[in-house]
Amino acid sequence: MEYRNMGRTGLKLSEVSLGGWLTFGGQVDDDTTFACLDVAVEHGVNFIDLADIYARGNAERVFGKWLRGKKRSDFVISSKVYWPMSDNVNDRGLSRKHIMESVEGSLKRLGTDYLDIYFCHRYDEETPIEEVVLAMTDLVRQGKILYWGTSVWEADNIEDAVDLARHWLGYQPFVEQPRYNMLDRHIEDAIMPMCAEKGLGIVVWSPLAQGVLTTKYLDGIPEGSRATYSHWIKEDLTPENIERVRKLTAIAGDLGLTMPQLALAWILRRPEITSVIVGASRPEQVEENVKASGVTLSEDVLAEIERILL
Ligand code: NDP
């Protein structure tokens, strides 16, 4: 496993990391989740991405169970705040109240006294950005979080947060978490250059387009796959994309790689990227995906991929 600094910080993240959305405490039973985590760590994964909302707190609880008895400092653990955790009008968004109360909930469920990274899970149009930057800065000063980040924020909003934090000598966000993969390249125009300029790393979600960028959907929808239980995957599961994957799989084969390894290595070709956060329903998937770290794709191969993706 190779490691990259998260933006301009000294924090090092594994190029391939593991996330718990839909899987931990949800689709996947605890023993299989523990097996995925064990395999990941065996192969050098050090970053685990969670959120309060994943399985309504259960993803954090299950990870907390696995973490018990292990050396806390070996891991970079993230969680997130924004989405409603109940019907209460204040149990949502990025108000100071919700941020301060949510972090306590996450720490308790995880059984740890600090988070390495705390993400604002979306931008909150109803809370002034100053309030968010101050609350996050206070959490860093209290030692409850070490770094904070944004997820799916517009470039302008991230820039505002960075500028305010620098003006007040507070703590700027040092990482953005967007969706990025061979089928969704929207961040290349504005987010990538802005993050590079302002010193933020980028950790990407759904790097395999939820499994569409594997070979599993080439001949229909297999039993037990994500497409059998989640509607989120449907927009990527089109005949055009399946045809692209068929062609990309041939390129992967010529290189001695599997399709998921090619898809992840393609993301990691960009120096702006710190880590790809993969999901997994089985330890064998983790075992396969971690091998994308350290793979270099030649200019010729990248050009061939570009022709298929256009
Ligand atoms: P991926 O694109 O990596 O999809 C993961 C799914 O693809 C797995 O659960 C599995 O599904 C399938 N898969 C993975 N590897 C393989 C393989 N080698 N062979 C075959 N199938 C494979 O990412 P996710 O969509 O799961 O997102 C990853 C993480 O990103 C989340 O856990 C979360 O931490 C973060 N995230 C953040 C969001 C945000 O708003 N900030 C939003 C969404 C995710 P199956 O076997 O069930 O078919």
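Analyst: The radius of gyration is taken over C-alpha atoms, and the globule rule is 2.2 Å times the number of residues to the power 0.38. For 310 residues a compact globule would have a radius near 19 Å, and the protein chain agrees, with 19 Å. Its C-alpha trace spans about 50 × 40 × 35 Å along the principal axes. The model is predicted: local features need pLDDT of at least 70 and side-chain atom pairs count only at pLDDT 80 or more, while totals for chains, interfaces and linings use all residues. Residues are numbered from 1 along each chain as its sequence is written, and side-chain values use heavy atoms, leaving out hydrogens and water.

User: How many helices and strands does the protein chain have?

Analyst: Helices (H or I, at least four residues) and strands (E, at least two) are DSSP runs, numbered from the N terminus. The protein chain has 10 helices and 10 strands.

User: How many aromatic pairs does the structure hold?

Analyst: Rings of Phe, Tyr and Trp (its six-membered ring) pair if their centres lie within 6.5 Å; planes under 30 degrees apart count as stacked, over 60 as edge-to-face and the rest as tilted. The structure holds 7 such pairs. One of them joins tryptophan 21 and tryptophan 232: the centres are 6.2 Å apart and the planes stand at 65 degrees, so the pair is edge-to-face. These two residues are 211 residues apart, tryptophan 21 in the loop between strand E3 (16-19) and helix H1 (30-42), and tryptophan 232 in the loop between strand E9 (201-204) and helix H7 (239-255). Tryptophan 66 and phenylalanine 75 also form an edge-to-face pair, because their planes are at 65 degrees, with centres 5.4 Å apart. Ring pairs link Phe63, Trp66 and Phe75 into a cluster.

User: Is tryptophan 66 buried or exposed?

Analyst: Buried means under 20% relative accessible area, exposed over 50%, and partly exposed in between (1.4 Å probe, protein chains only). Tryptophan 66 is buried at 5%, as is phenylalanine 75 at 7%, whereas tryptophan 21 is partly exposed at 26%.

User: Which residues are closest to the ligand?

Analyst: A residue is near a molecule if one of its heavy atoms lies within 4 Å of it. Here 33 residues surround the ligand, the closest being Asp49, Ser206, Lys216, Arg226 and Ser281. A ligand nitrogen atom is 3.0 Å from an N or O atom in the side chain of asparagine 289.

Terms used
Polar contact = N/O pair within 3.5 Å; in protein donor to acceptor, adjacent residues only side chain to side chain.
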